[in-house]
Amino acid sequence: MEIIEKLKTFYKKLIASGALKLIYKIVLLFILVFGLYLPYLTLTSTYYHEKAHIKTAKNYDINFEYNFSLVNQIPNFWRHIKGPYAAGTATPKTEQDWNNYLNLDNNKRKEINLAGIKSDLNFIFVIIFLLGISTLLTVFVGTDKLENYLHALQFIDISLFFWLIWLLISTYYNLFISG
């Protein structure tokens with residue numbers, strides 16, 4: 001019984017100190033970033049990644065189409081780390097387009113495949129730039145002047161940081177695992 005009393009006392013101290021409110025904010029931020037915001041944010045970079053494949057294939061008269069599910073984006077986001085094509089894919093539209101793609105020489109196929117990686121690299125550089133701007137803002141302007149915007153800035157930084165990690169994992173997967 002003494003343990004239960006200690007737990008009750010500890011919980012009351014947490015409530016009184018305001019630490020529980022901070023914990024609730026952290027949990028809510030975690031759920032928002034990883035549960036809703038980040039999966040749909042990554043869909044943006046995936047869209048441009050796949051559009052780069054489609055645009056490059058068009059140069060060789062091959063028609064690709066972008067397939068994705070907006071409804072299934074959240075579970076697909078988590079599956080992406082385990083396997084390919086979870087956030088969407090560009091595939092040849094017809095059997096003829098598939099045959100035309102397979103009949104291309106290796107350099108042209110490589111160009112189509114690497115077009116998506118180039119798009120990912122553009123997003124990676126932009127995210128790093130935005131994180132740098134945010135850091136410079138915090139350092140040179142100071143947190144006391146940004147007090148009203150600090151939570152929003154932290155939310156944006158966390159989102160950008162984890163989007164960057166997701167892009168790096170995705171790019172690694174595209175380059176070294178899926179071929």
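Glu95 is found in helix α4; helices here are DSSP runs of H or I with at least four residues, strands are runs of E with at least two, and both are numbered from the N terminus. With a relative accessibility of 57%, Glu95 counts as exposed, where exposed means over 50% relative accessible area, buried under 20% and partly exposed in between (1.4 Å probe, protein chains only). Glu95 and Ile169 are separated by 74 residues in sequence and by 31 Å in space, C-alpha to C-alpha.

The structure is a predicted model, in which local features need pLDDT of at least 70 and side-chain atom pairs count only at pLDDT 80 or more, while totals for chains, interfaces and linings use all residues. Residues are numbered from 1 along each chain as its sequence is written, and side-chain values use heavy atoms, with hydrogens and water left out. The chain has a mean pLDDT (the predictor's confidence in each residue, from 0 to 100) of 82, and 91% of its residues reach 70 or more. Confidence is highest in helix α4 (residues 95-103), at a mean of 92, and lowest in helix α3 (residues 73-80), at 70.

## Nonpolar cores

In soluble globular proteins, nonpolar side chains tend to be buried together. A nonpolar core is taken as a set of buried Ala, Val, Leu, Ile, Met, Phe, Trp, Tyr and Cys residues joined through side-chain atoms within 4.5 Å. The largest such core in this model has 14 residues, and those with the most contacts inside it are Leu38, Ile127, Trp163 and Leu167. Two or more residues each are given to this core by α2, α5 (106-141) and α6. Its largest share, 5 residues, comes from α6.

Not counting residues up to four places away in sequence, Leu38 touches Leu32, Val33, Phe77, Ser159, Phe162 and Trp163; contact means heavy atoms within 4.5 Å. A second, separate core contains 10 residues, including Ile54, Ile62, Phe64 and Tyr101.

## Buried polar positions and an exposed loop residue

His49 is found in helix α2 and is buried, with a relative accessible area of 6%. When neighbours within four places in sequence are left aside, His49 is in contact with Gly116, Ile117, Ser119, Asp120 and Asn174. Ser170 lies in helix α6 and counts as buried at 5% relative accessibility. Ser170 and Thr46 are 124 residues apart in sequence, with a C-alpha to C-alpha distance of 9.4 Å.

Asp61 lies in the loop between α2 and β1 (64-67). This residue counts as exposed, at 63% relative accessibility. The phi angle of Asp61 is near 60°, a positive value in a residue other than glycine.

## The second largest pocket

The second largest pocket has a volume of about 220 Å³. Pockets are found on a 1 Å grid over the protein atoms alone, as open sets of points with protein on both sides within 12 Å along at least five of seven lines; lining residues have an atom within 4 Å of a point. Grid points are joined across faces, edges and corners, and the volume is the space filled by probe spheres set on the points, with a probe of 1.4 Å.

Among the residues lining this pocket are Leu22, Leu29, His151, Gln154 and Phe155. Both α2 (19-58) and α6 (150-177) supply at least two lining residues, and the largest share, 6 residues, comes from α2. By class, the lining has 8 nonpolar, 2 polar and 1 charged residues. Here Ala, Val, Leu, Ile, Met, Phe, Trp, Tyr, Cys and Pro count as nonpolar, Asp, Glu, Lys and Arg as charged, and the others, Gly among them, as polar.
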